[in-house]
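Subject: Structure for you to look at

Dear colleague,

I am passing on the structure we spoke about, and below it you will find my notes on what turned up in it. Please keep the view open while you read, so that you can follow each part in turn.

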Amino acid sequence: MDVLLVNPNRYKSPPVPPIGLEHVSAYLVEQGHKTVVVDCCFVENIPAALDSAINAFSPDIAGITIRNIDSVLLQNNEFFLDEIKDMVNYLKEHWGLPVIIGGTGVWTNPEGVMEYLNADYVVSGSAEESLLTCLNSIEDGNQEKRYFKEYGTGTIYCPRNSDLTDYRKYSDANGIAGFQTHKGCSSSCVYCIEAHTRVRFKHIKDTIREIRCLTEGGYHHFHLCDSEFNEDLDFAADFCASLNKSTLKITWTAYMKPANYNKKLFRLMKETGVYLITLTVDSFRKCPEYQADIEKMIFISQSCGIKMSIDFLTGFPYESEDDIIQWFDFFRRLQPERVNVNTSIRLYKILPITGIIMNDSALRKYLVGYTGDDTLVKPVFYNHIDSARLTDLIAGDRLFRIEGIEPGVNYTRLVQSS
Ligand code: SF4
């Protein structure tokens, strides 16, 4: 089939290159399909951009990737689906194209997002395999099945065509290139849509080839696209050792979780150009070992010359202000680079935390944005410590920053503050 692939993501704090579409496009082409990518990130007139691509390509079907359905933070929340809905309607009504949606954003509620957008099909799990199955089903004339979910097994084989993206535009707007070493996460954070998703690793040589390709185009600054780099300590160390051996000169930044680490890994990361780690931390029902891991990771990271920022989600049901103050004291003692504090928990239908909150009527008064629509496609947050109270608790300490007040992510803030 001839497939028009659309990146509708126009969020620019910072802009994120559509790496998923680079993979999906290359994979579909290998499987005998034809693709054209329309990246709407910097486009001024979206219908004109779609018209131009459709006139030149005459696709049979369109696929739209949805990275996030909103900006995930309560403060200054941006909801993206209404603009995407306009694109879906335009493709369907003006051009008569069936529309498939996919991407991490639809995992939150695949069928709910499909209905909201008036799309025809939805794919989740591993995009490449699910999309291929969806296309095959449509080609076979199957009208009934609209939701396709596959995770695949074994080592990931997925080609990538980074020539599809105009990296110069992203780079000029403070965006950076990305690469991925694996998919999925074995952790069980109750607020995260990636919890307990199947872990599959890529061939290390494939990832290094992708990085080489981008460095040959002049791009040397990268963000790791894994949910957390240290899913597996041995794999992470092997990846760094191979990257070192490749002699590629890059700088990169990664997310990590408080688990699966040792000093050797941090040393290897430093040698390969890691300058900043964002550690994902939450306060939900933690054991003392969890805090001990955080403490050691901050200490080792700093001793290896890597800055460590903390993304700290707190203010869970049944937590008190005293609990949060104790966490703040803990971070004050450790002095990481920065602690980004978020006390608003975005609720999605599939999350365990949503069940905990919805099943306790005493907690419902802390819902923000809830109108009785249990699809939770439109932003709904749990928030019992609002930003005014949080500001009081932080008491002007510049170690802490309230998420959502200013736009940006850790690597852009670090550049701005250095
Ligand atoms: S460790 Fe990170 S990616 Fe994994 S479930 Fe927790 S928050 Fe999600």
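A residue is counted as near a molecule when its C-beta atom, placed from the backbone, lies within 6 Å of that molecule. Please also bear in mind from the start that this is a predicted model.

Which residues surround the ligand? They are Cys185, Ser187, Cys189, Cys192, Glu194, Ala195, Ser227, Glu228, Lys257 and Thr280. When this shell around the ligand is sorted by class, it divides into 4 nonpolar, 3 polar and 3 charged residues.

Moving out to the whole chain, the domain assignment gives domain 1 as residues 2–150, while domain 2 is made of two stretches, 176–344 and 383–417. The centres of domain 1 and domain 2, taken over C-alpha atoms, are separated by 29 Å. Where the domains touch, 11 residues of domain 1 are in contact with 16 residues of domain 2, and the side that domain 1 contributes has 6 nonpolar and 5 polar residues but no charged ones.

From α1 the contact takes Gly20, His23, Val24, Tyr27 and Leu28, and from α5 it takes Ala127, Glu128, Leu131 and Leu132; by class, the contact of α1 with α5 has 6 nonpolar, 2 polar and 1 charged residues.

In the other pair, helix α8 (residues 233–245) packs against helix α9 (residues 263–271) at an angle of about 30 degrees, with the axes 9 Å apart. Because angles under 35 degrees count as roughly parallel, α8 is roughly parallel to α9. Here α8 passes α9 in a left-handed crossing. On the α8 side, Leu233, Ala236, Ala237, Cys240, Ala241 and Asn244 meet Lys264, Leu265, Leu268, Met269 and Glu271 of α9, and this contact of α8 with α9 comprises 8 nonpolar, 1 polar and 2 charged residues.

Finally, there are two details of the backbone to look at. As a general rule, most residues other than glycine have a negative phi, and most peptide bonds are trans. In this model, however, the peptide bond from Ser13 to Pro14 is cis, with omega near 0 degrees, and Pro14 lies in the loop between β1 (2–7) and α1. Ser58, although it is not a glycine, has a positive phi of about 50 degrees, and Ser58 is found in the loop between α2 (46–57) and β3 (61–65).

Methods. Residues are numbered from 1 along each chain as its sequence is written. This is a predicted model: local features need pLDDT of at least 70, side-chain atom pairs count only at pLDDT 80 or more; totals for chains, interfaces and linings use all residues. Ala, Val, Leu, Ile, Met, Phe, Trp, Tyr, Cys and Pro count as nonpolar, Asp, Glu, Lys and Arg as charged, and the others, Gly among them, as polar. Axes are lines fitted to C-alpha atoms, for helices over the stretch in contact, and angles run from 0 to 180 degrees between N-to-C directions. Helices (H or I, at least four residues) and strands (E, at least two) are DSSP runs, numbered from the N terminus. Angles under 35 degrees count as roughly parallel, over 145 as roughly antiparallel, 65 to 115 as roughly perpendicular and the rest as oblique. A crossing is left-handed if the near helix is turned anticlockwise from the far one by less than a right angle, and right-handed if clockwise. Two residues are in contact if their C-beta atoms, placed from the backbone, lie within 7 Å. Domain bounds come from an automatic or database domain assignment.
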